[in-house]
Amino acid sequence: LAWVKSIIPVQTHIVIFQPVNGVKDSDVISKLADNGILASGMGSNMVRFVTHLDLTDEMIDRLNHTLKGLF
């Protein structure tokens with residue numbers, strides 16, 4: 001684009017997954033929100049996480065523990 005001087009690089013991690021066995025993305029998103037973890041729908045029954053650069057191992061452990069206990 002002629003009107004853009006530069007694009008600033010960022011470090012980000014995006015994780016997208018599709019629940020199976022009749023689990024709906026909206027149910028996953030709702031249950032995660034109940035546990036203080038934000039995610040969004042991507043359509044076609046997909047869930048999207050966008051993590052921050054400062055994500056810690058403890059945060060990942062909490063997410064894994066929460067995901068295992070959802071259904």
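Select F49 first: F49 is buried, at 7% relative accessible area, where buried means under 20%, exposed over 50% and partly exposed in between, with a 1.4 Å probe and protein chains only. The model is a predicted one, in which local features need pLDDT of at least 70 and side-chain atom pairs count only at pLDDT 80 or more, while totals for chains, interfaces and linings use all residues. Residues are numbered from 1 along each chain as its sequence is written, and side-chain values use heavy atoms, with hydrogens and water left out.

How many aromatic pairs does a search of the whole structure find? The search finds one. F17 and F49 form this pair, which is stacked, with 5.8 Å centre to centre and 25 degrees between the planes. Rings of Phe, Tyr and Trp (its six-membered ring) pair if their centres lie within 6.5 Å; planes under 30 degrees apart count as stacked, over 60 as edge-to-face and the rest as tilted. Because F17 lies in strand 1 and F49 in strand 3, the pair ties together parts that are 32 residues apart in sequence. Helices (H or I, at least four residues) and strands (E, at least two) are DSSP runs, numbered from the N terminus.

Next, select helix 1, residues 25-34, and display D25, V28, I29 and L32, which are buried. Why do they lie on the same side of helix 1? They cover an arc of only 95 degrees around the axis, the arc being that of the directions from the helix axis to the C-beta atoms. Among the elements that cover these buried residues are strand 1 (13-17), strand 3 (47-51) and helix 2 (57-68). After helix 1 comes G36, whose phi is positive, near 75 degrees.

Now move to T66 in helix 2. T66 is buried, with a relative accessible area of 10%. Not counting residues up to four places away in sequence, T66 touches L32, N35 and I37; contact means heavy atoms within 4.5 Å.

Finally, select I37, T51, L55, M59 and L63: of the 16 residues that line the largest pocket, these lie nearest its centre. A pocket is an open set of points on a 1 Å grid over the protein atoms alone, where a 1.4 Å probe fits, with protein on both sides within 12 Å along at least five of seven lines; lining residues have an atom within 4 Å of a point. Helix 2 gives the most to this lining, with six residues.
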